[in-house]
Amino acid sequence: MEPVTHRVNMFRKSVNSEPSCIMPVYQREAEASTRTGRLTPRSHRQSFGILAPLVSRLIRTQNEARYWQCTAAPQSTSCHWQLQEECLELSYGGLVMHFDYVWLRDHCRSASCYNSKTNQRNLDTSHVELNICPANTRADDENLFLTWPDGHVTKYNLSWLAQNSYERQKQSAMQPRIIWNSDIYANAKVSPANWDKFMTCDDELKKFLRNFLLYGIAFVEGVPPTVEATGTVTQRVSLIRETMYGKMWNFTSDFSRGDTAYTKLALDRHTDTSYFQEPCGIQVFHCLKHEGTGGRTLLVDGFYSADQVLQKTPDNFELLARVPIKHEYIENVSDHRNHMIGIGPVLNVYPWNNEVYMIRYNNYDRAVINTIPHDVVNRWYVAHRQLTTELRKPENELWVKLKPGKVLFIDNWRVLHGRESFTGLRQLCGCYLTRDDVLNTARSLGLQA
């Protein structure tokens, strides 16, 4: 064991040459021993007691005093923390996390910093020193306490810190989901909601939304086959998003609009409004009448296909998630004059966990590719072809026959839809819903969304 005097000299060197939030050598050794179980917090305090008389003579300035306070506090047995030069390292619940000091000051939940009634920040972040560091740090079994240089005390629940750490978010999905092919969905035996119960019972609405969030599609049956009833059932979930197609649309194959959907032709799988900067979040379909054959609806989980690309060829997944392309809608039919352009990658992912949150796939509306350098174009086509191949595999296709009374809700950011060609009169109504309001309803009912 090295002499005490040598440890004191090393402490002097740390105080004089390093920022005030870096631990002296013996403190780091003590914490390392604590993490390995060789030194308990109690014996740690005893070691500090032996050194304190020698070290106290070294504390000459207020900054050095604060430095000593922030490094010598005893630690909780349920967590271990260490002040590093630019962040606090916290080990709790089997997770090692790192918190920037400005972040720790900015997210203080004290009454003066945060309004718990409105859930809004009171603290003006621009007033926080960017090189701030706690003057004193301690923890018990449930909480972490930070005293800042101005004397303000921040108290954090350890579970809250773990839940909101980058390390936990990196391991967690923003929205729980079950990606599926036709067999997976069929075996799940997802029950549709009942119109009467859906309109009056929050538990039925919650069950419907849970299924919708998990699978990206959900059905309500027993709805009166009218445009008015369809509008009523959709507004139980969210606000209707009005577009250039109106609020509720009601159409047949009369080609009254400049879109292939207004024909009897088959439609390949696609997402709608890819030419919007923010594509519509949810699409609703209700077949009010069909006097003919064909016309089944095709549904494909785009997230399942994207995951297949990620597992097989990560470089292709990364390219589809990084390269922006244009989608465009030009309409010059009758009194309708529209020119819409939306720009974004085919796959939109959260960068911290690589979770796909939106797929923008529409070969009909994809515009001229002029946003990709020539040396990337071919690689993009290769990646896009792989995704298309996955989307078109028969085992990934779910075919549904829409009929009067059966309303289909589709997550347009996830599930692609199409249809087979048909004969006879086929009347469809529906609308788009605002995605934020659907998720708001789900969260209000206690669902993670």
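Visitor: Does Asn354 count as buried, or as partly exposed, and at what relative accessibility?
Guide: Asn354 counts as partly exposed, at 37% relative accessibility. Keep in mind that this is a predicted model.

Visitor: OK, and where does Asn354 sit?
Guide: In the loop between E18 and E19. Asn354 has a positive phi of about 65 degrees, although it is not a glycine.

Visitor: Switching to helices. Which residues of H13 are buried?
Guide: In H13, residues 314-322, the buried ones are Asn316, Phe317, Leu319 and Leu320. They cover an arc of only 160 degrees around the axis, which puts them on the same side of H13.

Visitor: What covers the buried residues of H13?
Guide: The cover includes helices H12 (302-312) and H14 (374-391), plus strands E18 (347-350) and E19 (355-359). The loop between E18 and E19 is where Asn354 has its place.

Visitor: Zooming out, how many helices and strands does the protein have?
Guide: 15 helices and 23 strands. Of the 449 residues, 49% are buried.

Visitor: And how much accessible surface does the protein have?
Guide: About 21,800 Å², with 49% of that belonging to carbon and sulfur atoms.

Note on methods
Residues are numbered from 1 along each chain as its sequence is written. This is a predicted model: local features need pLDDT of at least 70, side-chain atom pairs count only at pLDDT 80 or more; totals for chains, interfaces and linings use all residues. Side-chain values use heavy atoms; hydrogens and water are left out. Helices (H or I, at least four residues) and strands (E, at least two) are DSSP runs, numbered from the N terminus. Buried means under 20% relative accessible area, exposed over 50%, partly exposed in between (1.4 Å probe, protein chains only). Accessible areas come from the Shrake-Rupley method with a 1.4 Å probe; for residues, only the protein chains shown count as cover. The arc is that of the directions from the helix axis to the C-beta atoms. Contact means heavy atoms within 4.5 Å.
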